[in-house]
Amino acid sequence: MSDEKQTIIIIGGGITGITAAYYLQKMIKEQQLPMECKLIEATHRLGGKIQTVVRDGFVIERGPDSFLARKQSASRLIHEVGLQDKLVHNATGKSYILANEKLYAIPGGAVMGIPTKIRPFALSGLFSPIGKLRAALDFILPPTKAEGDLSLGQFFRRRLGDEVVENLIEPLLSGIYAGDIDQLSLMATFPQFFHLEQKHGSLVLGAKRTTPKTKETGNKKGIFQTLTTGLQSLVDELEKRLEPGSVSKGIRVELVEKQGRRYRLHLSNGEVWTADSVIVAAPHQAVPEMFPNVSFFAPFKAMPSTSVATVALAFSASSIEQDIDGTGFVVSRRSDYTITACTWTHKKWPHTAPKGKALLRCYVGRPGDEAIVEQSDDEIVRVVLDDLNKIMRINGRPEFALVTRWKEAMPQYIVGHKERIETIKAKVGEELPGVFFAGSSYEGLGLPDCIDQGEEAVKKALEYLQV
Ligand code: FAD
């Protein structure tokens with residue numbers, strides 16, 4: 001190895017890229033490695049999909065609002081930057097499904113829609129007697145004979161029937177991925193359900209046996225966490241800890257070329273930088289553009305992404321004349337609504353609204369029905385308010401509304417996704433050694449999954465450079 005420092009360049013400053021930059025620079029410093037790490041971000045800010053707006057005492061998340069607490073990499077990162085006293089769990093409360101134009105409480109004991117308690121499910125008005133009987137076939141049907149991947153829809157429809165899927169499972173699961181469950185890959189999204197079914201013979205029994213029993217009384221802790229200062233504060237704290245001069249914002253990587261063992265990155269400001277290793281933390285759509293001559297990136301051109309918009313509505317609490325006891329609802333496709341979900345954010349996350357105010361956050365846009373995202377802000381707010389007024393009574397206009405469009409922002413892990421990514425990564429290992437991929441297009445789109453991938457890419461880049 002020469003005396004010259006080796007350079008690692010990270011492309012993309014969303015949570016994945018900034019996590020990678022933070023841990024990599026920390027290791028370089030602690031272990032005095034002869035390396036430098038640079039981060040290049042196309043826009044003028046870091047954080048990517050994480051964007052918090054603090055306005056008139058409201059804390060509004062335009063993109064992600066929380067993360068799953070049981071996946072620990074996010075809270076570990078938050079502790080790293082000293083924000084642990086800002087961590088809160090969501091307040092628990094009733095949540096609902098809007099199906100056939102009515103709100104139904106999600107039956108007690110449902111885990112991602114899979115019943116683990118028979119009574120609340122049997123008594124729920126969400127399903128017809130025939131739908132319930134069909135779901136009971138889960139107890140006797142043999143496990144799925146799957147040789148490859150299959151869609152979430154195929155898997156769940158076979159076990160529990162169309163009605164339970166469409167009134168409960170579909171709205172819950174498709175909300176997470178903004179996707180179509182009849183196209184989303186079981187193995188890339190919820191492989192644990194396949195393994196439960198294979199091991200226990202029944203999905204319901206498997207979920208029942210493996211779900212920890214919760215106490216009926218006492219304070220239950222919510223399963224999500226966020227920061228009272230907003231998720232953007234994590235990004236800001238990480239950015240403050242990066243080496244001065246190591247972050248370039250407002251510059252796009254346009255082309256990456258291999259030259260011997262190194263890579264030349266052509267930037268939108270006309271400069272060309274050289275790297276010994278590259279971590280690509282940009283979404284899949286950007287990859288074929290950056291590597292135009294690499295044929296094995298073609299599947300990224302065919303990988304779909306869906307568009308959604310979040311609509312935050314700030315009210316005086318007194319404007320909500322007829323309230324609902326709960327924290328929110330998701331909407332089944334069997335309802336004539338444009339909104340796909342709504343959170344009573346001031347109840348689920350009390351820190352987000354000042355006293356005497358209410359904050360509602362709705363989603364619009366779903367696969368095959370994304371045109372609403374293209375409408376004007378005023379039109380989107382009108383449609384959302386009309387929908388809300390069908391199930392609660394809101395008096396007057398919001399004090400303000402924030403519409404955020406996320407165009408082609410939700411990568412779709414459609415059937416075969418895992419295998420396609422594994423094939424691409426193997427090819428990259430052979431033909432582009434030292435290049436690593438991380439982030440929401442690849443191996444999980446939750447914030448902790450992105451953080452895990454950022455950390456993993458750092459390990460791989462260091463292993464590669466130290467051989
Ligand atoms: P991004 O945040 O997309 O960052 C990628 C960055 O790369 C961008 O900043 C982009 O500008 C940059 N870039 C692209 N091309 C180039 C280039 N050529 N050169 C340089 N830079 C480039 N997850 C949860 O866990 N909980 C939630 O509550 C949740 N809610 C969500 C709500 C919405 C509306 C959305 C859209 C997502 C939500 N998610 C949630 C998912 C999660 O927010 C994302 O998966 C995650 O933030 C993606 O992070 P990332 O760093 O991989 O990508």
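The lining of the largest cavity divides into six nonpolar, four polar and three charged residues; here Ala, Val, Leu, Ile, Met, Phe, Trp, Tyr, Cys and Pro count as nonpolar, Asp, Glu, Lys and Arg as charged, and the others, Gly among them, as polar. The model is predicted, with local features needing pLDDT of at least 70 and side-chain atom pairs pLDDT 80 or more, while totals for chains, interfaces and linings use all residues. Residues are numbered from 1 along each chain as its sequence is written, and side-chain values use heavy atoms, without hydrogens and water.

A cavity is a set of points on a 1 Å grid over the protein atoms alone where a 1.4 Å probe fits but cannot get out, and its lining residues have an atom within 4 Å of a point. Two cavities of 30 Å³ or more are found in the whole structure. The largest holds about 110 Å³, a volume being the space filled by probe spheres set on points joined across faces, edges and corners. Nearest its centre, among 13 lining residues, lie Val 59, Glu 61, Asp 65, Thr 345 and Thr 352. Strand E4 (58-61) is one of the strands that supply at least two lining residues (strands are DSSP E runs of at least two residues, numbered from the N terminus).

The second largest cavity has a volume of about 50 Å³. Its lining has eight nonpolar residues, no polar and no charged ones, including Phe 67, Leu 447 and Ile 451.

Ile 451 also belongs to a separate core of 42 residues. The largest nonpolar core has 66 residues; such a core joins buried Ala, Val, Leu, Ile, Met, Phe, Trp, Tyr and Cys residues through side-chain atoms within 4.5 Å, buried meaning under 20% relative accessible area with a 1.4 Å probe, protein chains only.

Methods: Buried < 20%, exposed > 50% of the residue type's maximum accessible area, 1.4 Å probe, protein only. 1 Å grid on protein atoms, 1.4 Å probe; cavity = no way out; pocket = protein on both sides within 12 Å on 5 of 7 lines; lining within 4 Å. Helix = DSSP H or I, 4+ residues; strand = E, 2+ residues; numbered from the N terminus.
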